[in-house]
Amino acid sequence: MGQQLRGRASLWRRTRDRVLASQLWRSVIRHGYPDENRNRILVIISNIFLHLHPARVKRHGVKLRYTWCMGGLSAFLFFVLTVTGVLLMFYYVPDTRRAYQDMKDLEHAVLFGKLMRNMHRWAAHAMVVTVILHMTRVFLTGSYRPPREFNWVIGVGLLVLTLLLSFTGYLLPWDQLAMWAITVGTNMAEATPFLGAAGPFHELLGITKHNDIRFALLGGTIVDQNALLRFYVLHCIALPLIGAVLMAVHFWRVRKDGGISGPHGKLPKL
Amino acid sequence: MSAENARSRDLVHTWPHLVYRELCALLAASVVLWIVSLLVDAPLEELANATLTPNPAKAPWYFLGLQELLVYFDPWIAGVAIPGLIILGLAAIPYLDPGEDGSRRRFALSVYLGGLALWFVLIFIGTYCRGPNWAWYWPWEDQTVIKPTLPLTRALSPAIGWPAVLIYLGGGLLAPRLIWRDFFARLGIVRYLTVMGLLLLMIAVPLKIALRLAFNVKYVLTTPWFNV
Ligand code: HEM
């Protein structure tokens, strides 16, 4: 019995080593199986995605207890949202005359359309939650302290961006929920001091309903076709691009600031 | 930092220790998201109709705290000044924190967690306790029964409002300076004033809510240009 198992194990190993040594495999991945130190380091530093990480990390930093994995999950949800979002874009046209019908088609006519839409929606809500939890973890561990101050500031930018992405997406289904949530939200912009037509001091700059900050957001004075187009472009192009750049800077700085913070002598007692 | 550096020599290989954990987290998250998406459908109501205003019209949940503040503050405060100050205040945290640990961090922790709790309490109220005309409905109450509109509200007379605000701000800035000298010394004058200023503004939010609920006060300060 033991003999047989060992035989099988060595068959697996021989096959594996042959594949790993083949020209085809080595043209893609140039190191051996990462079960010893040299290859474990090479697998990280020779792969563009994995080399986001250093080859070795602080022992406490890989603990779920320390990071709650919330930064990583936020990034993962952003990725899920990009993939499902691109798929939804194949079916959705930001035209007030057909956007709502496109949503109905996604639900009833497109194969897996409903699943895509549900995943996009719930991942968006989840991302708001994971980003807030991530921020809370970083606060509790005091990880915003020097030299990581500025990465915290970038993080605050990412938090705002996450909220804006969620908010601009909310209008796109063009149903009652969408239209009125965005009406409520953009009405607040109208109250901006100096820049909004209903805000204090707006007279000083000659601001009216037709040139204030709400008008700039909506491309008009009501939530209509121009607003839908603006929110669509912001949601699908501008904000994700800014988000990707901010995330690149955020991850880069985690590395440059010396990797995950800590270990700390004393963690806060709650 | 030096302690951090000294102990940070305790390293493990990223492969497999970190990569496998990440893989597990991603798989778990994917499975949960998938199951939720199979079971629960994203909402889709009737076609947008500019002539039919739902009552109440609610913002997305993460902005409902701000919408709830509209009950107690004018829109430029609830929708612009408060979110603006929250963002600035969050961004300023690393530059305000004196970098202490243990029990000396209690102040920082309470302020952060208190603010976070306030944010979510307001969201909870906005989501579950507000019905037609933004009147208060307990989650189990029937929202088709329309409640009478809110009672009339009043503004404090300037003879009370101005002294009250000056005493609140002046006292709030001075008292900790005199009582916790040590706290002041650790922060220095600029940081102390910024921290206390932001903190007093944050505490003013629940205070104003209480004033409104208990005494129906709409404005504490009235000026020709704006009211607070
Ligand atoms: C889209 C949003 C965000 C993504 C994808 C993201 C991602 C990450 C990741 C993957 C890490 C590595 C450690 C970990 O997973 O905890 C990290 C660290 C960090 N993040 Fe974020 N983050 C986001 C938002 C934020 C926010 C809102 C803040 C704070 C306001 C923040 C501040 C930081 C800081 C200071 C670190 C270094 C922590 C340390 O060294 O322990 N990030 N972030």
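In this predicted model, the C-alpha centres of domain 1 and domain 2 of chain A lie 34 Å apart. Domain 1 of chain A covers 1–56, and domain 2 takes in 59–171 + 223–265; these bounds come from an automatic or database domain assignment. Chain B is split as well, into domain 1 (13–41) and domain 2 (57–219), and here 37 Å separate the two centres, again taken over C-alpha atoms.

A word on the bookkeeping: residues are numbered from 1 along each chain as its sequence is written, and chains are lettered from A and ligands numbered from 1 in the order in which they are written. Because the model is predicted, local features need pLDDT of at least 70 and side-chain atom pairs count only at pLDDT 80 or more, while totals for chains, interfaces and linings use all residues; side-chain values use heavy atoms, with hydrogens and water left out.

Helix packing comes next. In chain A, helix H7 (residues 113–140) packs against helix H8 (residues 149–171) at an angle of about 160°, their axes being 10 Å apart. Helices here are DSSP runs (H or I, at least four residues), numbered from the N terminus; axes are lines fitted to C-alpha atoms over the stretch in contact, and angles run from 0 to 180 degrees between N-to-C directions. H7(A) is therefore roughly antiparallel to H8(A), a label for angles over 145 degrees, with under 35 counting as roughly parallel, 65 to 115 as roughly perpendicular and the rest as oblique. The crossing of H7(A) over H8(A) is left-handed, meaning that the near helix is turned anticlockwise from the far one by less than a right angle, whereas clockwise gives right-handed. On the H7(A) side the contact (heavy atoms within 4.5 Å) includes Arg121(A), Met127(A), Val128(A), Val131(A) and Phe139(A), and on the H8(A) side Trp152(A), Leu159(A), Thr162(A) and Tyr170(A) are among the partners.

Thr162(A), in helix H8 of chain A, is buried at 8% relative accessibility; buried means under 20% relative accessible area, exposed over 50%, and partly exposed in between (1.4 Å probe, protein chains only). Leaving aside neighbours within four places in sequence, Thr162(A) is in contact with Met127(A), Val128(A) and Val131(A).

H7(A) also meets chain B. With helix H2 (residues 14–39) of chain B, the packing angle is about 120° and the axes are 9 Å apart, so H7(A) is oblique to H2(B). This crossing is right-handed. Leu115(A), Asn118(A), Met119(A), Trp122(A) and Ala123(A) of H7(A) make the contact with Leu33(B), Trp34(B), Val36(B), Ser37(B) and Leu38(B) of H2(B).

Elsewhere in chain A, Asp95(A) sits in the loop between helix H5 (70–89) and helix H6 (99–108). Its relative accessible area is 18%, so Asp95(A) is buried. Not counting residues up to four places away in sequence, Asp95(A) touches Gln225(A) and Leu228(A).

Back in chain B, helix H4 (residues 75–96) has a kink of about 30° at Leu90(B), shortly before the proline Pro94(B); the bend is the angle between axes fitted to the seven residues ending there and the seven starting there. Both Leu90(B) and Pro94(B) are buried, and other buried residues of H4(B) include Trp76(B), Ile82(B) and Ile93(B). Tyr128(B), in helix H5 (residues 106–128) of chain B, is partly exposed at 45% relative accessibility. Beyond four places in sequence, Tyr128(B) touches Tyr137(B), Trp138(B) and Pro139(B). The C-alpha atoms of Tyr128(B) and Arg21(B), 107 residues apart along the chain, are separated by 37 Å.

Methods
Helices (H or I, at least four residues) and strands (E, at least two) are DSSP runs, numbered from the N terminus.
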